[in-house]
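Here is a colleague's note to read beside the model. Please keep the sequence and the structure open while going through the points.

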Amino acid sequence: MRTLLTAALLLAATVPPAGGPWRAPAGRPDPAVVRVETGAVRGAVTDEHRVFQGIPYAFAERWRSPGPARRWDGVRDATEPGPMCPQVGSDYADTASTNEDCLVLNVTTPRAHATGRPVMVWIHGDGALGAGHFSDARALASRGVVVVTINYRLGVFGAFGYPGLANSGTYGLQDQQAALRWVRRNISSFGGDPSNVTVFGVSYGALSIGGQLTSPGARGLFRRAIMQSGETMMDMPAGSMFPGLPAAPSFAWRGTAEVEALGRVYAEKLGCRDLACLRALPVEDILAVPQIMNVFQAYAYGNEVLPVSPAEAIRAGRFHRVPVLAGATRDEHRLFVGLNYDAAGAPMTAGQYGTLVSEAFGDDAARVMREYPPGSYRSPGEAWAAVMTDRMWARGVHEQNTLLARHVPVYGYEFADRDAPMFLPLEADFDWGAYHASDLPYLFPERKARLTAAQLRLADRMTGYWTNFARTGSPNGPGLPAWPRLSEGPRSTLSLAPDAIRPVDYAAGHRLDLWE
């Protein structure tokens with residue numbers, strides 16, 4: 001389902017630079033040309049922005065750590081996106097790729113020349129689809145920040161494990177660190193401050209940031225972190241993500257031994273008995289194995305990149321001491337229920353709801369049914385979505401934020417616009433509410449977004465909060481409703497809704513006393 005989600009995001013996010021081309025007056029340096037450590041690049045310049053796309057930040061052979069990018073002669077064209085990392089694509093977006101030389105990034109800056117601007121590095125969501133250039137960063141850059149969006153290896157290419165591989169199951173995380181090191185060395189050429197870098201991401205990207213917060217190799221690479229709908233602390237009750245899927249102690253992380261055992265299974269499916277055979281396979285042969293990109297999405301721990309599970313490291317207080325802004329949407333799980341049932345033409349029945357609750361909660365099922373009776377919701381599917389939003393997403397995000405707030409400033413939020421436009425290509429008589437990732441168009445708007453005037457005001461305020469945090473470590477600023485730190489009390493999570501931004505008691509709103 002994350003694959004379907006990202007495919008739709010890709011359809012909604014790519015737009016050409018706004019405004020007409022800008023040309024430097026005679027005798028002045030060309031603002032479209034910037035020199036980085038591997039050569040010069042020429043981007044696109046408009047009246048308001050400069051956009052540089054497809055800049056190589058590293059090079060990596062299959063299932064090896066990333067190394068330096070290759071140098072080039074002359075001026076490299078950076079006006080078009082670079083190659084996407086290998087992925088299957090979907091029925092909803094043409095994102096198929098077989099190019100493993102894909103470690104590129106994109107830089108968006110304000111047009112006006114300046115130095116020392118805050119830097120925001122975006123890690124896109126999904127672990128099997130996507131690319132950095134699908135996120136239009138101009139609205140954020142217009143607030144005076146430099147935005148970097150990155151590609152990194154996905155699925156079986158980013159989290160595959162096999163005996164004998166160094167740091168099995170962490171190649172995507174290693175790529176992200178390589179991109180952050182590139183930023184530290186080169187971003188001043190674009191007017192950015194290499195000492196003021198904020199990483200931000202959604203879903204799988206936020207999960208990755210949870211890993212980076214605990215990875216020794218990421219120490220000092222970023223000053224602040226924003227995690228939107230991240231799964232760092234989340235587990236999976238039986239049947240929660242897909243019907244029939246067994247329970248799992250972690251959504252995000254697996255031990256190295258488990259990942260390598262899974263790698264052996266899939267090596268046999270690929271007809272290989274050793275690494276040499278696996279590395280020699282054409283990309284097309286690997287991608288042809290059903291679900292192989294989705295199977296290898298959880299990152300491995302018990303290695304140099306992630307010595308322990310990031311969830312356990314955060315519980316023990318072992319993470320990089322940086323301010324954090326983090327939260328989730330009000331109705332996270334409605335997306336997955338709607339996709340699995342209503343959009344598939346088979347809305348959940350009351351009987352199915354009772355069976356799911358029994359399978360997920362066993363002896364506690366009766367209590368859950370009393371707390372979430374299907375008659376109190378518009379449909380059994382909406383009841384199940386409420387259960388899983390509270391039990392999985394809210395419980396995980398609240399634990400994450402509460403633990404982090406013991407050591408660093410944390411600003412918690414809940415995106416609560418239940419009329420957020422559905423930008424996925426879905427047709428179903430289902431109330432999607434504030435579904436998973438429904439906040440993205442408010443930060444990465446594009447011309448086709450169906451936002452009302454009130455929603456545009458919310459988008460403007462959210463962009464202000466996010467860029468203020470990147471600039472100073474606090475989202476607060478002139479003209480914005482006050483955002484308290486999470487440590488200030490139970491009513492300190494900021495609810496973000498059109499013309500209704502206010503602090504709320506997040507734990508009470510999601511019945512976390514029951515789930516604790």
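The points below go from the whole chain to single residues.

1. Basis of the note. This is a predicted model, in which local features need pLDDT of at least 70 and side-chain atom pairs count only at pLDDT 80 or more, while totals for chains, interfaces and linings use all residues. Residues are numbered from 1 along each chain as its sequence is written, and side-chain values use heavy atoms, with hydrogens and water left out.

2. Overall form. The chain has 18 helices and 16 strands, where helices (H or I, at least four residues) and strands (E, at least two) are DSSP runs numbered from the N terminus. Its radius of gyration is 22 Å, close to the 24 Å given by the globule rule for 516 residues, so the chain is as compact as a globular protein of that length; the radius is taken over C-alpha atoms, and the rule is 2.2 Å times the number of residues to the power 0.38. Along the principal axes, the C-alpha atoms fill a box of roughly 75 × 60 × 45 Å.

3. Among contacts (heavy atoms within 4.5 Å) with a separation of 6 or more, 75% are between residues 24 or more positions apart.

4. A stacked pair. The structure holds 24 aromatic pairs, counted when rings of Phe, Tyr and Trp (its six-membered ring) have centres within 6.5 Å; planes under 30 degrees apart count as stacked, over 60 as edge-to-face and the rest as tilted. The rings of F200 and F444 have centres 6.2 Å apart and planes at 15°, so this pair is stacked. The two residues are 244 residues apart and link distant parts of the chain, F200 being in strand β9 (residues 192–202) and F444 in the loop between α15 (440–443) and α16 (453–472). F200 is buried at a relative accessible area of 0%, and F444 also counts as buried, at 7%.

5. Other aromatic groups. How are the planes of F430 and W432 arranged? They form an edge-to-face pair, with 5.1 Å from centre to centre and 75° between the planes, and both residues are buried. Y411, Y413, Y465, W466, F469 and W483 form one aromatic cluster.

6. A residue in helix α16. N468 lies in helix α16 and counts as buried because its relative accessibility is 17%. Leaving out residues up to four places away in sequence, N468 touches G473, S474, P475, N476, G477 and L480.

7. Is A179 buried or exposed? A179, which lies in helix α4 (residues 171–186), is buried, with a relative accessibility of 1%. Leaving aside neighbours within four places in sequence, A179 is in contact with Y57 and I150, while A179 and D136, 43 residues apart in sequence, are 18 Å apart in space, C-alpha to C-alpha. A316, in the loop between α10 (310–315) and β13 (324–329), counts as partly exposed at 46% relative accessibility. A316 and L275 are 41 residues apart in sequence and 36 Å apart in space, C-alpha to C-alpha.

Key:
Buried means under 20% relative accessible area, exposed over 50%, partly exposed in between (1.4 Å probe, protein chains only).
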